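The entries follow the order in which I looked things up.

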Amino acid sequence: MKIRVVSSKEEIDTLKINEEIVHLAFRPSNKDIFKLILKCPEMKAIHIPSSYKRTISSSAQMYLSMQNIALLEGDVWGHRKDINEYSEVSQHVFDRIKELKEEGLSDEDTIERLVRETRLSPDFITFIISN
């Protein structure tokens, strides 16, 4: 799974129309979120740091909800944008989810275990499991 990392408002214009998951490394305004959704109509999730998520207006959150776009909290640890504009969730995470489900773990236990094993946020792991 690829996550497009966007470092600035100006970068929204450079996104491809088929982007599905975007990590915003800046504090987005309502206008930025609306612009992002217009630019990428296939958007499934917006991933932002927890400190930024708390500042997203309720109207923006309602708009995302109406568009069936998840607002996920978390960071892309160790990602270097100068090397690659995408951060990837390794296949190991998906394989591990499958293993834990086959062991009979509930979604909550799977999420708890993967949060400890990876640097992914509970929001993001929940999104992966449900999609």
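**Entry 1: α4 and α5**

How do α4 and α5 lie to each other: parallel, perpendicular or oblique? I kept in mind that this is a predicted model. I looked up the two axes first. Helix α4 covers residues 91-102 and helix α5 covers residues 107-117. Their axes come within 10 Å and cross at roughly 140°. Angles over 145 degrees would count as roughly antiparallel, and α4 and α5 are therefore oblique to each other. I noted the crossing of α4 and α5 as right-handed.

Next I listed the residues that meet. On the α4 side they are R96, I97, L100 and K101. On the α5 side they are D107, T110, R113, L114 and E117.

**Entry 2: α5 and α6**

I then followed the chain to helix α6, residues 122-130. The axes of α5 and α6 are 9 Å apart, and the angle is about 130°. α5 and α6 are therefore oblique to each other. Their crossing is right-handed. From α5, the contact is made by D107, T110, I111, L114 and V115. From α6, I wrote down P122, I125, T126 and I129.

**Entry 3: S121**

Leaving aside neighbours within four places in sequence, I found S121 in contact with H47, E73, G74 and V115. I also checked S121 against G104, which is 17 residues away along the chain. The C-alpha atoms of S121 and G104 are separated by 22 Å.

**Entry 4: the largest nonpolar core**

Which residues touch the most other members of the largest nonpolar core? The core has 19 residues, and the answer is L24, L36, M43 and I46. I looked up which elements give two or more residues to this core: they are β2 (21-24), α1 (30-39), β3 (45-48) and α3 (58-66). The largest share, three residues, comes from α1.

Leaving aside neighbours within four places in sequence, L24 is in contact with V6, L36, I46, H47, I48, P49 and Y52. Apart from this core lies another, of 17 residues, and V89, V93, I125 and I129 are among them.

I returned to α1 and looked up its buried residues, which are D32, I33, L36 and I37. Why are they on the same side of α1? They cover an arc of only 130° around the axis, which puts them on the same side. The buried residues of α1 pack against β2, β3 and α3. On the face turned away from the buried side I found the exposed residues K31 and L38.

**Entry 5: N68**

Last, I looked at N68, in the loop between α3 and β4 (70-73). N68 has a positive phi of about 60°, although N68 is not a glycine. The relative accessibility of N68 is 68%. Exposed means over 50%, so N68 counts as exposed.

Definitions and conventions: Residues numbered from 1 in each chain as written. Predicted model: local features only at pLDDT ≥ 70, side-chain atom pairs only at ≥ 80, totals over all residues. Heavy atoms only, no water. Core = buried A, V, L, I, M, F, W, Y, C linked by side-chain atoms within 4.5 Å. Buried < 20%, exposed > 50% of the residue type's maximum accessible area, 1.4 Å probe, protein only. Helix = DSSP H or I, 4+ residues; strand = E, 2+ residues; numbered from the N terminus. Contact = heavy atoms within 4.5 Å. Arc of directions from axis to C-beta. Axes fitted to C-alpha atoms, helices over the stretch in contact; angles between N-to-C directions. Parallel < 35°, antiparallel > 145°, perpendicular 65-115°, else oblique. Left-handed = near helix turned anticlockwise from the far one by under 90°.
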